[in-house]
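Colleague: Please take me through this model by question and answer, beginning with the terms that you will need.

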Amino acid sequence: SAAEKGGWSSFMAKEVSEEPEAVANTIRGRFSDGAVTIPELDGLDELFLGIDRVIVVACGTAAYAGMVGKYALEQWTRVPVDVELAHEFRYRDPVIGPNTLVVSISQSGETMDTLMAVKYAREQGAKTLSICNTQGATIPRESDAIVYTHAGPEVAVASTKAFVAQITALYLLALHVGRVRGVLSAEDSAEAVSELEAIPAKIARVIETEQEHIEQFAGWMADTASVLFLGRHVGYPIALEGALKLKEISYIHAEGFAAGELKHGPIALIEPGQAVFVIVPSPRGAAELQKKVVSNIQEIRARGARVIAVAEEGDVSVLPFADEVLRIPLAAPLFEPLLAVVPLHIFAMGLATAKGLDVDQPRNLAKSVTVE
Ligand code: G6P
């Protein structure tokens, strides 16, 4: 009903506007004195000390959150991490055992493919930890440990605020496990904590400064047949998420690519007018990667692509080659995905709205897929 939407035109619009709170509420009560303390994980140190491998299982947007989380988990815990679609994991006889931690991610906690993967992992003797947005749902009940995301109820079929909350929860988990295993220093942990604490206000700034601009050019693009998304490192899963959101709610063909893969195939798709979003790494925090991505932008621009760059405030190197620049505030490289995804969510919503589509209830999709 209109009242439930709280004055917003759609649940999706409301939920995108709640992305800052989704992060803030997920970190609330889990920091003290610059250290991560997750009350739900009390007493599990032995479990975290005993693992030699992490496998993240999820579907859809949650799987992309997992891909982002892999970078933080490996950096802060030095435990090898694989990310797998739950339905692929379950049916390939994976090599797992008592020292494997299977981390499931699910907004609803009811996705059948993810649930079956968790049950299978348990049967094989693996440890299981659920990152979930729904108290008491089936997947957390089937898991050895739970870290809830506190994004609040998500109603729109396409997941938005749950995505940023899932990344936040994975980062908290990574910081916790890194400290427990003694591989992450108190100083590095405190620095990451303060980066994370600054994220909600930065997301709010992206919404404030870019929403109107994005909705306007999304409107101009209503007739676009296809949109590509390029990203590198933590920007790669964000490119995949940007493409998924566009497919889901605007029914436009969209694909995300690792920017480094461009010359191995996708560049053949570039013809004059092709719209390409490019997630540009920070020129301060990731200078080497930033240069490579800017050279990708030059390559596609030379072939007539219409480039929409998502770039850090103050990064002028993209200006000569981009048709549109969407600005995100400065953040350490690992934290940029939490900012870079926001313009992509707004864009998908803006384009679907311009096409007159129902952004909350896209055709053929369900909020929670409870069948295999
Ligand atoms: C469905 C939804 C997606 C969601 C996916 C996983 O496909 O349409 O938005 O990302 O399920 O859902 P979950 O509840 O497990 O996060």
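Modeller: Two strands pair if DSSP finds at least two bridges between them. Helices (H or I, at least four residues) and strands (E, at least two) are themselves DSSP runs, numbered from the N terminus. Residue numbers start from 1 along each chain as its sequence is written. The model is predicted: local features need pLDDT of at least 70, side-chain atom pairs count only at pLDDT 80 or more, and totals for chains, interfaces and linings use all residues.

Colleague: What is the mean pLDDT of the protein?

Modeller: pLDDT is the predictor's confidence in each residue, on a scale from 0 to 100. For the complex, the predictor gives an ipTM of 0.95 and a pTM of 0.97. In the protein, 100% of residues reach a pLDDT of 70 or more, and the mean is 96.

Colleague: How many charged residues does the shell around the ligand have?

Modeller: The ligand is surrounded by 16 residues, the closest being G60, S106, Q107, S108 and T111; a residue is near a molecule if its C-beta atom, placed from the backbone, lies within 6 Å of it. For the classes, Ala, Val, Leu, Ile, Met, Phe, Trp, Tyr, Cys and Pro count as nonpolar, Asp, Glu, Lys and Arg as charged, and the others, Gly among them, as polar. The shell has 9 polar and 6 nonpolar residues, and its number of charged residues is 1.

Colleague: Is strand β8 largely enclosed or open, and how many of its residues are buried?

Modeller: A residue is buried if 20 or more other C-beta atoms lie within 10 Å of its own, exposed if 12 or fewer, and partly exposed in between, with C-beta atoms placed from the backbone. Strand β8 covers residues 226–231. This strand is largely enclosed by the rest of the structure, because its buried residues number 5 of the 6.

Colleague: Which residue of β10 stands opposite L230?

Modeller: β8 pairs in the parallel sense with strand β9 (residues 253–258) over 6 bridges, and F229 stands opposite G256 in β9. From β8 the chain crosses through helix α10 (residues 235–250) to β9 in a right-handed β-α-β crossover, a term that applies if, with the strands pointing away from the viewer, the path from the first strand over the helix to the second runs clockwise. β8 also pairs in the parallel sense with strand β10 (residues 275–279), over 4 bridges. In β10, the residue opposite L230 is V278.

Colleague: How far apart are the end C-alpha atoms of α10?

Modeller: The expected span of a helix is 1.5 Å times one less than its number of residues. The 16 residues of α10 should therefore span 22 Å, and this agrees with the distance between its end C-alpha atoms, 22 Å.

Colleague: Which residue with a positive phi follows α10?

Modeller: α10 is itself largely enclosed by the rest of the structure, because 15 of its 16 residues are buried. In the loop between β8 and α10 lies H233, which is not a glycine but has a positive phi near 55° and is buried, with 22 other C-beta atoms within 10 Å. After α10, the residue with a positive phi, near 60°, is Y251.

Colleague: Which residue of β11 is the bridge partner of I279?

Modeller: β10 is covered on both faces, with A275, F277 and I279 buried on one side and V276 and V278 buried on the other. β10 pairs in the parallel sense with strand β11 (residues 306–312) over 5 bridges. The chain passes from β10 through helix α11 (residues 287–302) to β11 in a right-handed β-α-β crossover. In β11, the partner of I279 is V310.

Colleague: In β4, which residue is the bridge partner of V56?

Modeller: Strand β3 (residues 53–58) pairs in the parallel sense with strand β4 (residues 81–85) over 5 bridges. Together with helix α4 (residues 61–77), these strands make a right-handed β-α-β unit. V56 has as its partner in β4 V83.

Colleague: Does N364 count as buried or exposed?

Modeller: N364 is found in the segment after α12, and its phi is positive, about 70°, although the residue is not a glycine. In that segment after α12 (337–354) is also E372, which has 12 C-beta neighbours inside 10 Å and so counts as exposed. N364 has 7 such neighbours inside 10 Å, so its class is exposed.
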